[in-house]
Amino acid sequence: MISVNDLSKSFGDLVVLDGVSTNIEKGEKVVVIGPSGSGKSTFLRCLNLLEQPTGGSVEFEGVDITHAKGKQLNEIRMKMGMVFQHFNLFPHLTIRRNITIAPVKNKILTQAQADKRADELLAMVGLSDKAEAYPSQLSGGQKQRIAIARTLAMNPDVILFDEPTSALDPEMVGEVLELMKKLAEGGMTMVVVTHEMGFAREVASRVMFMADGKIQEEGTPDEIFTSPKNPRLRDFLSRVL
Amino acid sequence: MDFLTTIKDWFIEFGDKFYNTFIVENRWMYLVNGLGTTLLITALALVIGIMLGFIVAIIRSTNQRTGKLKVANFICRIYLTVFRGTPMVVQLLIIYFVIFGSVNISKVLVAVIAFGLNSAAYVAEIVRSGIMSVDNGQFEAGASLGFGYTKTMISIILPQALRNILPALGNEAIVLLKETSVSGYIALEDLTKGGDIIRSNTYEAFLPLIAVAAVYLIMVIIMSSLVSRLERKLSNDKRK
């Protein structure tokens with residue numbers, strides 16, 4: 001579904017990604033781990049071109065999208081949802097409008113259809129009573145669940161999660177991970193950058209360890225967590241587990 | 001007894017002056033007509049100021065964020081430098097006597113253009129700061145949902161920016177109202193000029209000028225209360 005070839009990205013002299021290649025198949029749940037500054041968020045942001053790669057290519061559903069622009073780029077992003085560390089809900093809109101704005105403004109659903117879809121999504125994330133509330137009235141965990149619902153409203157083929165629980169108070173991490181587990185069980189293709197090793201072990205179909213802008217090691221959660229080969233990975237795990 | 005006579009005399013004298021200043025020859029109409037002209041110029045200049053100001057602000061912030069529109073941004077910067085760097089009265093005189101010097105054009109229209117262009121320069125910087133104050137995450141959220149730059153700007157960024165800058169915009173409208181008092185420099189009979197005409201007819205300065213000041217003050221108080229009411233309405237969603 002997503003094919004990454006020799007992807008690199010530098011900001012000035014700073015090389016953040018240094019030749020990353022991988023394939024992400026439909027239905028996979030890829031969890032990206034690594035120390036901070038390893039390039040994992042930048043890798044994720046290159047997939048939907050929030051960052052423009054400086055080298056290599058990204059293919060999505062068989063099409064090279066590395067230099068996509070305008071309408072083509074917008075259509076790709078409609079199919080690639082993204083959930084942000086800081087939620088980035090729209091503070092001036094109600095929860096319902098936050099969820100419906102994308103399908104309505106992109107002329108995929110009418111407002112009535114989108115409202116119906118929003119009701120279903122709100123039920124799914126367990127926040128039906130918050131439809132008319134504003135983001136500032138929600139807790140961090142609730143905001144992130146709404147952000148996931150907002151992404152789902154576009155019916156994406158894949159969802160990119162950029163440290164979705166890093167900005168949350170510890171007691172709210174669980175509710176967001178539960179929801180992500182539910183999505184995973186429903187067969188959603190997911191790429192997740194996270195520090196939640198428990199989630200990686202339980203949900204990932206593949207764990208990718210990044211350091212110094214490269215994929216140092218990847219494999220099943222079992223391979224990565226019980227028999228890590230790369231010394232950097234062993235060092236990293238010894239510090240986070 | 002002397003004291004009472006003094007007070008009585010004062011009231012009689014005041015009554016005479018008041019009568020002379022406002023009632024004789026319907027002089028109060030100078031103030032009424034002047035206020036009409038002042039409000040007309042302010043309102044039309046405000047429309048120009050806001051429309052042009054938004055356009056300039058969007059060009060400038062688009063350039064700041066994406067590096068596009070280099071030429072347009074350069075022109076906008078010259079415009080801002082010139083209009084914010086020279087006195088309003090001088091701009092009004094230049095536009096009236098130099099730019100429209102050889103054309104027969106309504107003075108009100110000249111004033112509207114001059115005050116509109118001047119106000120737009122200030123509005124532009126207010127709006128630009130409002131746009132830049134919206135978190136970059138909002139642009140990214142818009143982009144990640146498939147919105148292009150324009151759609152993100154219109155549906156997501158500008159509504160938030162507008163709410164943040166409303167007090168500053170209201171303030172700019174108040175400044176504009178007061179600035180129009182220099183319209184007399186091109187012989188426009190606005191509120192200030194109206195009071196001044198009365199003064200020169202009656203040789204009595206106190207009453208007409210105080211009356212002019214009071215009318216400005218009342219207008220400003222009304223505008224302030226309108227702005228704060230609008231502000232409260234728009235911020236409802238933030239903290240209910």
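Two strands pair if DSSP finds at least two bridges between them. Keep that one in mind, everyone, and thanks for coming. Strands themselves are DSSP runs of E with at least two residues, helices are runs of H or I with at least four, and both are numbered from the N terminus.

Some housekeeping. This is a predicted model, so local features need pLDDT of at least 70 and side-chain atom pairs count only at pLDDT 80 or more, while totals for chains, interfaces and linings use all residues. Residues are numbered from 1 along each chain as its sequence is written, chains are lettered from A and ligands numbered from 1 in the order in which they are written, and side-chain values use heavy atoms, with hydrogens and water left out.

Let's begin with chain A as a whole. Chain A has nine helices and 10 strands. Its radius of gyration is 18 Å, which agrees with the value near 18 Å for a compact globule of 241 residues; that radius is taken over C-alpha atoms, and the globule rule is 2.2 Å times the number of residues to the power 0.38. Along the principal axes, the C-alpha atoms of chain A fill a box of roughly 55 × 40 × 30 Å.

How much of chain A is buried? The share is 58% of the 241 residues, where buried means under 20% relative accessible area, exposed means over 50%, and partly exposed lies in between, with a 1.4 Å probe and protein chains only. The accessible surface of chain A is about 10,000 Å², and 49% of that belongs to carbon and sulfur atoms. Those areas come from the Shrake-Rupley method with a 1.4 Å probe, and for residues only the protein chains shown count as cover.

Now contacts, meaning heavy atoms within 4.5 Å. Among the contacts in chain A with a separation of 6 or more, 66% are between residues 24 or more positions apart.

Five of its five residues are buried, so E3(A) is largely enclosed by the rest of the structure. Lys29(A), Val31(A) and Ile33(A) lie on one side, Val30(A) and Val32(A) on the other, and both faces are covered. What does E3(A) pair with? One partner is strand E8 of chain A, residues 189-193, in the parallel sense over four bridges, with Lys29(A) opposite Met190(A). Strand E9 of chain A, residues 206-211, also pairs with E3(A) in the parallel sense over four bridges, and there Val31(A) has Val207(A) as its bridge partner.

In the loop between E3 and H1 of chain A we find Ser38(A). With 2% relative accessibility, Ser38(A) counts as buried. Leaving out residues up to four places away in sequence, Ser38(A) touches Val16(A), Met210(A), Ala211(A), Asp212(A) and Gly213(A). The C-alpha atoms of Ser38(A) and Ile215(A) are separated by 9.3 Å, although these two are 177 residues apart along the chain.

Chain A also has an open sheet of four strands, in the order E2-E1-E4-E5 with antiparallel pairing. E2 (14-24) and E5 stand at the edges with a single partner strand each, so one side of each is left without a neighbour in the sheet. Within the sheet, E1 (residues 2-11) and E4 (residues 55-60) share five antiparallel bridges, and Ser8(A) stands opposite Gly55(A). E4(A) is joined to E5, residues 63-64, by two bridges: Glu59(A) partners Asp64(A), and Phe60(A) stands opposite Val63(A). These two strands form a hairpin with two residues between them, and Glu61(A) in the turn has a positive phi of about 50°.

Finally, chain B. Helix H6 of chain B, residues 136-144, is mostly covered, with eight of its nine residues buried. Which elements do those buried residues pack against? In chain A they meet helix H1 (40-47), helix H2 (70-79), strand E6 (80-83) and helix H5 (140-152), and in chain B helix H2 (28-66) and helix H7 (149-179). The buried residues of H6(B) include Phe139(B) and Glu140(B). After H6(B) comes Gly146(B), with a positive phi near 95°.

Arg128(B) is buried, at a relative accessible area of 17%. Beyond its neighbours within four places in sequence, Arg128(B) is in contact with Ala57(B), Arg60(B), Ser61(B) and Gln64(B).
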